[in-house]
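User: I am new to this model and would like to understand how its parts meet. Please take me through the contacts step by step.

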Amino acid sequence: MGSAVLRVNNLAVEFPAPAGVVRAVDRVELAVREGEKVALIGETGSGKSVLLLALLRLLPAGARVLGEVWYRGKDLLGCSPDELRRMRGKELAYIPQGAGGALNPVLTVGIQVAEPMVVHLGLTRKESLRRAISLLDRLGIPEASRRAFEYPHQYSGGMKQRVLVAMGMAAEAKVLLADEPTKGVDWPRRDEILNLFLSLKEKTVLTVTHDLWFAERFSQRVAVMYAAQLVEVAPREDFFSRPLHPYAQALLAALPARGLKPLPGYAPANTSYGEPGCRFRGRCPRAFSRCLEEPPLFERNGRRVRCWFYAD
Amino acid sequence: MLIEGIDLRKSYRVGWLKKRVVRVLSRVSLAVSEGETVGIIGGSGSGKTTLGLILTGLIKPEGGRVLFRGRELDGMNVRERKSYRRKVQIIFQHPETAFNPKWKLLRSLSEPYRLYKIPFAEESVLKQIEAVGLGAEHLARYPAQLSGGELQRAAIARVMALDPEFIVLDEPTGMLDAITQAQIIRLFQDLQKDKGVAYLFISHDLELARLFCRRIYRLREGELETLGPEKGV
């Protein structure tokens, strides 16, 4: 594993809202090394998907993105739209959620997988289609040479997810950004998607998920978001054996295999993010007076955790 | 016995010209008594939702009978049918599809009162939603302004307004994160302790079913197999 291929510095994303500006992502610092698999976990609305889209500047025009996103010595937020268009798909690829309508229903699967090769690699249509078929075959689509000429509705959910991964890999992108690859997917299919992701050995993958089962088996490092902020970053084994942040501890304790113990309450409303103090303190079993100030991310044995409990 | 399905059979016609027949239930029998939780495990397309829909009377089986408190569904008179409709409810995996997106929550939650001519007061709705962990501020919101967990709680509150005796829970936590899932399952358990309601818990998560259900069955190729009695938590 080499140096950081993707580095996010002080990234913030703001959306205009009737009640003022909402900061959906707040000062996130994260580096992903070459070949590394990182899972970004957190509940719905914690800002993890917005972060992923912000990296590729795929957010709607109303969003304001602050900070820096470095990819191999280039600031993606400073790139011209043309430069960025050339990099999307070729260097960094986005893999959307499979269950939704991410595929074009009126184009055959083969054409959709071949398109990035025509655009980014300058291949002919015939050559790109040939490669698309071999890619689909490699990703486990049965009878790929026939099924490449079928339409998305003729594919099962697990196969559609494979197609989306194939599209992400088509132009040989080295960094894959995946959004909830196992959301709303049942057990056998979840296994299938896990195996597919485990087969992406040489790629750098940052995946957003709320599926801890998947994160534990796929990632090497886990980053946890709560209410728009990173609250913990840790190697996978450390995280699942000894989570540090009280939210992370509650998250793991809520798993059926670990006793299904629920943490009461809800995450704070995104309009209250501007208030001072730790955003988790209202639900935190360990909150004390210091939590009225916002905790920074503390470094501890190669892990980072945003909690006053770990202040020196 | 509270609700009973006997020899239920159901198949669907699929394919472009609806020529292929897929049998999802072949002679399935299942009985649930008052206040207990029974689990049904199965993959997608195994027919577990179909079974839930038949027991709630939302679709008709091709063969077999459904009995509620010993009365056969087909032989019920209008009054019995209305009472069955009220006492047997269902909660779905995607709560966002169970609410009218153009209605504020208060209007959606007062609908059962209108339908069953239960005297309505805003306080009773408020009590109903406080019992599931929501508050007055949620009533003024549209479904799009609520999280998945909040919407699922609202769906539970709406169902509980009718004092049901049996609820089919069709993957009620499938789209929720771990903490919200644990909250919702505990809420179902509390409601059961309080009101004695029985559940049919449909899921693909055996681990979760083991914690929640007293008996578990697997639905495979149209037939139920017993996975043995389980210890609840």
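**Contacts between domains and chains**

Analyst: The count between domain 1 of chain A and domain 2 of chain A is one salt bridge. The model discussed here is a predicted one.

User: Which side chains meet in a salt bridge with an N to O distance of 3.4 Å?

Analyst: A salt bridge needs a side-chain nitrogen of Lys or Arg within 4 Å of a carboxyl oxygen of Asp or Glu. At 3.4 Å, N to O, one pair is joined in this way: Glu192(A) and Arg162(A).

User: Which residues of domain 1 of chain A lose the most area to domain 2 of chain A?

Analyst: Domain 1 of chain A consists of 4-91 + 174-276, and domain 2 of 103-173. The two domains of chain A bury about 1,300 Å² between them, with 62% of it on carbon and sulfur atoms. Three residues together account for 37% of what the side of domain 1 buries: Lys90(A), Glu192(A) and Leu196(A).

User: Which element gives the most to the side of domain 1 of chain A that touches domain 2 of chain A?

Analyst: Between these domains of chain A there are six residue pairs in polar contact, both residues at pLDDT 80 or more. On the side of domain 1, at least two residues each come from α2 (81-87), β7 (175-179) and α7 (187-198) of chain A. With five residues, the element that gives the most is α7(A).

User: How many charged residues does that side of domain 1 of chain A have, where it touches domain 2 of chain A?

Analyst: In all, 17 residues of domain 1 of chain A are in contact with 14 residues of domain 2 of chain A. By class, the side of domain 1 has seven nonpolar residues and one polar residue, and its charged residues number nine.

User: Turning to the two chains, how many salt bridges does the rule find across the interface of chain B and chain A?

Analyst: The interface brings 21 residues of chain B into contact with 26 residues of chain A. Across it, the rule finds six residue pairs in polar contact, both at pLDDT 80 or more. For salt bridges across this interface, the number found is zero.

User: Which element supplies the largest share of the side of chain B that touches chain A?

Analyst: Chain B and chain A bury about 2,000 Å² between them. In chain B, the residues losing the most area to chain A are Asp177(B), Ile179(B) and His204(B). Elements giving two or more residues to this side are α6 (148-160), α7 (178-195) and α8 (206-212) of chain B. The largest share, seven residues, comes from α7(B).

Methods: Residues are numbered from 1 along each chain as its sequence is written. Chains are lettered from A and ligands numbered from 1 in the order in which they are written. This is a predicted model: local features need pLDDT of at least 70, side-chain atom pairs count only at pLDDT 80 or more; totals for chains, interfaces and linings use all residues. Side-chain values use heavy atoms; hydrogens and water are left out. Contact means heavy atoms within 4.5 Å. Buried area is the accessible area (1.4 Å probe) that two parts lose on being put together, summed over both. A polar contact is a pair of N or O atoms within 3.5 Å; within protein, one must be able to donate a hydrogen and the other to accept it, and residues adjacent in sequence count only if both atoms are side-chain atoms. Helices (H or I, at least four residues) and strands (E, at least two) are DSSP runs, numbered from the N terminus. Domain bounds come from an automatic or database domain assignment. Ala, Val, Leu, Ile, Met, Phe, Trp, Tyr, Cys and Pro count as nonpolar, Asp, Glu, Lys and Arg as charged, and the others, Gly among them, as polar.
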